[in-house]
4 protein chains.
Amino acid sequence: MDETISVGLIGAGRIGTSHARLIAERVPGARLAAVADPRPESAEALAAELGARAFTDPLALIADPDIQAVVIAASSEAHADLIVAAARAGKAIFCEKPMSLSLEDADRAVRAAEDAGVILQVGFNRRFDRGFRAAHDAVTSGAIGSVQLMRSVTRDPGLANPAAVPPWTVFLLTLIHDFDTLLWLNPGAEPVEVYATADALVAPDFKDQGLLDTAVVVITFDNGARAVAEASFSAAYGYDVRGEVFGSRGMVTAGDGARSSMRLYTSGGLSQDTARVDVELLHEAYAAEFVEFVSAVREGRAPSVTGVDARRALAVALACIESVKTNRPARVAGVTEVAR
Amino acid sequence: MDETISVGLIGAGRIGTSHARLIAERVPGARLAAVADPRPESAEALAAELGARAFTDPLALIADPDIQAVVIAASSEAHADLIVAAARAGKAIFCEKPMSLSLEDADRAVRAAEDAGVILQVGFNRRFDRGFRAAHDAVTSGAIGSVQLMRSVTRDPGLANPAAVPPWTVFLLTLIHDFDTLLWLNPGAEPVEVYATADALVAPDFKDQGLLDTAVVVITFDNGARAVAEASFSAAYGYDVRGEVFGSRGMVTAGDGARSSMRLYTSGGLSQDTARVDVELLHEAYAAEFVEFVSAVREGRAPSVTGVDARRALAVALACIESVKTNRPARVAGVTEVAR
Amino acid sequence: MDETISVGLIGAGRIGTSHARLIAERVPGARLAAVADPRPESAEALAAELGARAFTDPLALIADPDIQAVVIAASSEAHADLIVAAARAGKAIFCEKPMSLSLEDADRAVRAAEDAGVILQVGFNRRFDRGFRAAHDAVTSGAIGSVQLMRSVTRDPGLANPAAVPPWTVFLLTLIHDFDTLLWLNPGAEPVEVYATADALVAPDFKDQGLLDTAVVVITFDNGARAVAEASFSAAYGYDVRGEVFGSRGMVTAGDGARSSMRLYTSGGLSQDTARVDVELLHEAYAAEFVEFVSAVREGRAPSVTGVDARRALAVALACIESVKTNRPARVAGVTEVAR
Amino acid sequence: MDETISVGLIGAGRIGTSHARLIAERVPGARLAAVADPRPESAEALAAELGARAFTDPLALIADPDIQAVVIAASSEAHADLIVAAARAGKAIFCEKPMSLSLEDADRAVRAAEDAGVILQVGFNRRFDRGFRAAHDAVTSGAIGSVQLMRSVTRDPGLANPAAVPPWTVFLLTLIHDFDTLLWLNPGAEPVEVYATADALVAPDFKDQGLLDTAVVVITFDNGARAVAEASFSAAYGYDVRGEVFGSRGMVTAGDGARSSMRLYTSGGLSQDTARVDVELLHEAYAAEFVEFVSAVREGRAPSVTGVDARRALAVALACIESVKTNRPARVAGVTEVAR
């Protein structure tokens, strides 16, 4: 058996807790060694549950010589600084999406990892879903010919606290998944223009405070393909993630909201349960992205989803914000050009 | 048994021939009495096949006192004039889509039918598909709450002669179906703005001649709903028509390309045949729209799809053309205001 | 246009009324000329609705020189005598299933049609369903290799009057469809043995009166294939007809209870309407079997479903009854040997 | 964190290897401590891969005081003796199906576990599949009313070495899964009679040597329900496991052979990959049954699948063998009466 990798998790919130459990229980070759959270009780509870050490200061966790790899699930604003710190400490880095909220921060993060020669993987988990991966394989194998029309949908299961949603979340945190998916499913092409429109339809009372909970985006690529990305913060039937790629020789679709193979037929007709939360729908994908991360660390190779991928998706998200502000299509340029 | 309605068909092309056979064989209460086509051999062959009289001059067919209802399947440019002539002759009118290519012609047609007090139904057959009708019923029943996000897709099975496609066909003839569908599935709301982007991806060599064979449109409605309409002239797997309406309480989808319930499992996995042409996929819908037309004629009532509906869809299509020309969102206004 | 065939319908009950309307409205080349029913008001109402003449005596309808073809939808016991009478009168014959309730009657009917040189088609409508036909095509094309395991299911939507169900109905009237389907989907093979078990599970209070409303049958064929046929008189979710053929190279399935392509997603999950009655689920198949019948009459050829087919299915049904009586497998022999 | 359970695996064949990896990598609270296999190189290779100790003698593994729980994946004939030995050593026991090949051995195994007060779980993994579990929940919740008709299908993906298949394998090793599933999905009912028919259709040349690779079974329960179980050793399209329960108020189905949500549409129609091997199709179920086992051990409670369940399924399988030998229905009695 190869060396077991000691992983430190930063951020013991909902998604961090899910990550911690997966790393502890589902990822061969990894060991959850530490948990950091500024709220001591959160850090300690999770650490105790999983047999890890607790930190309140993430920088202390990063500095710990026993830790070989860091998983960042802190608040989005803190991501870039933590990446830089972890890179300088020579740790392998997995960062939850979004990697950053500005191109400058993205560049800082990517440069820091490059300069330190450490792995930087970003949490675009959809790439590890079995259906989306099979769709990607179909596209790259040429089964559908040249890409012409695309679609990616994200609908979250609900919006608990509209007042707490930072501005532009729908693009920077939600649709960032779809932008990465669309760029990945149109290999070799670059986005050149976006049109975005957004509104507060789920919680219209919060529109004045800047809430945008519903959005539609059209991306035009340099190979002529047009992609539609669409998001809502509140799907009554659960968590809905789907993709579609149409090309000169056919179409491929991915995503299926059914919770299981069970189908029930009654006097009301046919019914089937739908998945209700992201960690349920994409449970295997979440585990698989950490398996990939630990494999990359152990094999000393680049991961399949990188900081540059995160920068590309972010560039599209930022152009969407510009498009909404101007109510015009906005250009997207230099998505892969990391400033040095 | 009520009176049988004598129907005269104008235009013995592909879709006219299909219409003629349906009227002759599938529509209770109707009788195909006459066929008109400027090509005498086309008119005569179809008339002979179905036991009808042949005309070369559509105005002669319209003038024939034996004819009670006229089905117009001539070229799009001729539609408005034929509607006006038929209305003045007091005939009930079914006109294949698009009813007209300009708002002026739409107004002329609608006014003529109103002034003559005759029925004017337009061939938006998708409204008569069982799946789309059930989706509409779900929306109007409140099952999905208030409408927030919509999608309508049309993909034709191929493009035989790119050089013969008139400019803007993708909006005026193809997506006109989707515009009607989206307006119908968002009852009570009006379109206020569209963004459209289009390209020649199927036959790029014809782009210089003005061909647009692929298009994506975003419609913003006055109730905040955003709708995406999407078209391609060439789907390798056949004819693809689908719709989706997402609302505050759920989602409804319609459209299924499977040719039959047959599923084949072999060493290559699961496979299922897909429908290849529109008259195959929507065969029952085509019959049902004529059943509706003949019922409306016999009952002396307004049909469920009217000339004003056609004007509304046309207004969206024309705004799309403006949006493509300016590469900006275009306003849509007064879609139901027929000029007098 | 070829000659129009004058059709006389015998039996104006539920299925006869449906047949009459289809012949009048959906079958090119046919004309519903007469309706016979011992209940004068039934015959007259249906005849008036469809512009036909009414008879109370079916033999008078058969004797009418204007009638070229007879559709028999009378009670099952009367089928064989009516076939013999119609054959002697030189009429083409369509008989609703079951063609007869005994092999002697089957032989009489088949011989009478043969001796008179008239067409005799039996109403195994499932053969005309698009999905089942595609399954049959897949089997005969060799796509699934040699047949090994089969399944055919019939579940009716309810049992209104258990006291009125004649003995052995589940085999002679219901599963007769499945037996024909299974024999047709295993071409070239003959049934050699059946095991049948049946019970009154829908209406157990009527078991003492001989009701059997639920049954499972295993048929062993001479090519080794085993087929399961299964019936229930009461499916809460509607009318359920499905088939499955598994072979050395794959599997094919047919049958899908969804009423339309519409799918509804709400907080309760995904739901889809199911078809509720046979004439809804198999509407197109009912029309298609009459199109076949009229084509065979006009072309003077044998129909694709014959009296010998009905005899074969009946032989299996009778063996099932023997199996239930003895609680042992029963042999099936000479299914195609019409006694002369 | 609770105590970690030290698990020893007996049998490093295909399924044992899969079990070992799952226990090592996917089961929180468990540790794979030892592997035993009479082939030293197999034991050592697997032990080295997973950081465990290797044994050639399973009794030595059982005797090791460090081992708290034993997973038996040895050959079927050895199961009962190993269970007795492990029980006497006070170990918690997970035994792969079939628990035994005779009722006497079943009784010995069950008694030994009872007398020692240790947990005995049997590997009916289908109960842990998400779809089958949801179906079970639907049945027990009353959603489909009283059970009337059932179906369970197992089709393996191929038959590598027909000469090596022990007699009656199709009932004792393959359909044993379906018998457990059917008994579990018809709670409170007992099987009273079975009819079984079997043949060598996959490898007919081996029929003379006693091969039976295809079988159909009908089980009659004391609540009147009839269940069909069906098996083939060779499905060209992969591994196929499905279930169906029909009751007075509806139907529930489980099982779906699609490998992922990906659907590909090309000029050949729609296609979807199918799962090819059992450990692929039921991967999550295999993990879940060990999670259940370890939870039961840690919580000191009975597992959800017991030795008595295995005895019940075996009693049905043995009755099938009798039915095939006599070509008559065979009685099933006293399935839960463990002889003391």
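The model is predicted, so local features need pLDDT of at least 70 and side-chain atom pairs pLDDT 80 or more, while totals for chains, interfaces and linings use all residues. Residues count from 1 along each chain as its sequence is written, chains are lettered from A in the order written, and side-chain values use heavy atoms, without hydrogens or water.

The size of an interface is often given as the accessible area lost when the parts come together. Chains B and D bury about 980 Å² between them, 57% of it on carbon and sulfur atoms. Buried area here is the accessible area (1.4 Å probe) lost by the two parts, summed over both.

What joins the two sides? Two residue pairs are in polar contact across the interface of chain B and chain D, both at pLDDT 80 or more. A polar contact is a pair of N or O atoms within 3.5 Å; within protein, one must be able to donate a hydrogen and the other to accept it, and residues adjacent in sequence count only if both atoms are side-chain atoms. Strands are DSSP runs (E, at least two residues), numbered from the N terminus.

β14(B) also pairs with β14 (residues 269–272) of chain D, antiparallel, over three bridges. Pairing requires at least two DSSP bridges between two strands. B:L270 stands opposite D:Q272 in β14(D).

Methods
Helices (H or I, at least four residues) and strands (E, at least two) are DSSP runs, numbered from the N terminus.
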